Amino acid sequence: MNNFQELLINRRSIRQYTDQDIPAEDVKKILEAALLSPTGKNSRAWHFIAVDEPEMLERMSHCKGYGASSVARAKLAVVVCVDVTATETWIEDGSIAASNMMLQARDLGLGSCWIEINGRFAEDGTPAEDMVSELLGIPEQIMPLCFVTIGYPAEERKPQNLEKLLWERVHIGKF
């Protein structure tokens with residue numbers, strides 16, 4: 001990408017991936033982007049679990065009834081977790097880290113998609129957080145927030161259309 005706005009315009013959620021492996025150096029850059037993200041009171045209470053084993057990705061894809069099937073098709077899923085005992089801003093901190101990873105992935109020519117875990121449920125009613133925690137051995141005080149799926153895109157998405165921005169949602173000074 002030549003500039004940040006171009007990166008923002010071209011970052012789209014990708015749910016279909018090729019079988020091409022992601023170079024280790026690119027995975028490192030994506031994880032660095034997460035570790036560089038700001039946190040409330042500099043708590044740095046996040047944890048990231050990089051999963052690339054196809055069998056585990058398949059199992060993780062069943063953590064909620066709808067919207068997680070692309071986890072099984074990804075070459076990599078990063079589980080964004082935060083220690084809820086270390087910060088009040090755990091949702092915000094994890095969300096910023098996930099966004100950073102998605103932007104870094106796009107800059108590297110990779111696709112990504114946010115898959116919500118927090119507050120979601122598997123088809124049998126099991127909380128997604130509980131299922132993911134059990135699958136990956138996540139300690140009780142560490143809350144899985146989301147997956148960021150990553151891979152080379154097997155689908156093409158058009159860039160965002162600046163003419164369709166909802167400027168009516170921007171308020172200056174007061175609502």
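Lys 41 counts as exposed because its relative accessibility is 86%. Exposed here means over 50% relative accessible area, buried means under 20%, and partly exposed lies in between (1.4 Å probe, protein chains only). The model is predicted, so local features need pLDDT of at least 70, side-chain atom pairs count only at pLDDT 80 or more, and totals for chains, interfaces and linings use all residues. Residues are numbered from 1 along each chain as its sequence is written, and side-chain values use heavy atoms, with hydrogens and water left out.

Stay with Lys 41 for a moment. It sits in the loop between helix 2 (24-35) and strand 1 (46-51). Helices (H or I, at least four residues) and strands (E, at least two) are DSSP runs, numbered from the N terminus. Lys 41 is not a glycine, yet its phi is positive, at about 55 degrees. Arg 44 is found in the loop between helix 2 and strand 1 as well. Its phi is also positive, near 50 degrees, and Arg 44 is a residue other than glycine. With a relative accessible area of 53%, Arg 44 is exposed.

Now the whole fold. The protein has six helices and four strands. From the N terminus on, the order is α-α-β-α-α-β-α-β-α-β. The radius of gyration is 17 Å, close to the 16 Å that the globule rule gives for 175 residues, so the protein is as compact as a globular protein of that length. That radius is taken over C-alpha atoms, and the rule is 2.2 Å times the number of residues to the power 0.38. Along the principal axes, the C-alpha atoms fill a box of roughly 45 × 40 × 35 Å.

Of the 175 residues, 39% are buried. Contact means heavy atoms within 4.5 Å. Among contacts with a separation of 6 or more, 80% link residues 24 or more positions apart.

Then the surface. The protein exposes about 10300 Å², and carbon and sulfur atoms supply 50% of that area. Accessible areas come from the Shrake-Rupley method with a 1.4 Å probe; for residues, only the protein chains shown count as cover. There are 18 positive and 26 negative side chains, and the centres of the two sets lie 9 Å apart. Lys and Arg count as positive, Asp and Glu as negative; His and the chain ends are not counted. Each charge is placed at NZ of Lys, CZ of Arg, CG of Asp or CD of Glu.

Thr 149 counts as buried because its relative accessibility is 0%. Its side chain makes a polar contact of 2.7 Å with the side chain of Tyr 17. A polar contact is a pair of N or O atoms within 3.5 Å; within protein, one must be able to donate a hydrogen and the other to accept it, and residues adjacent in sequence count only if both atoms are side-chain atoms. Beyond its neighbours within four places in sequence, Thr 149 touches Ile 14, Tyr 17, Ser 70, Val 71, Ala 74, Leu 76, Ala 77, Gly 111, Ser 112, Cys 113 and Ile 115.

Ala 72 lies in helix 4 (residues 70-73). It is partly exposed, with a relative accessible area of 28%. Leaving aside neighbours within four places in sequence, Ala 72 is in contact with Leu 57, Glu 58 and Ser 61. Gln 160 is 88 residues away from Ala 72 in sequence and 26 Å away in space, C-alpha to C-alpha.

Ala 86 is in the loop between strand 2 (76-83) and helix 5 (90-107). At 46% relative accessible area, Ala 86 is partly exposed.

Gln 141 lies in the loop between helix 6 and strand 4. It is partly exposed, at 34%. Not counting residues up to four places away in sequence, Gln 141 touches Val 82, Asp 83, Val 84 and Thr 85.

Phe 121 lies in the loop between strand 3 (111-116) and helix 6 (128-136). Its relative accessibility of 47% makes Phe 121 partly exposed. Apart from neighbours within four places in sequence, its contacts are Cys 63, Lys 64, Gly 65, Thr 126, Pro 127 and Ala 128. Met 131 is ten residues from Phe 121 in sequence and 8.9 Å from it in space, C-alpha to C-alpha.
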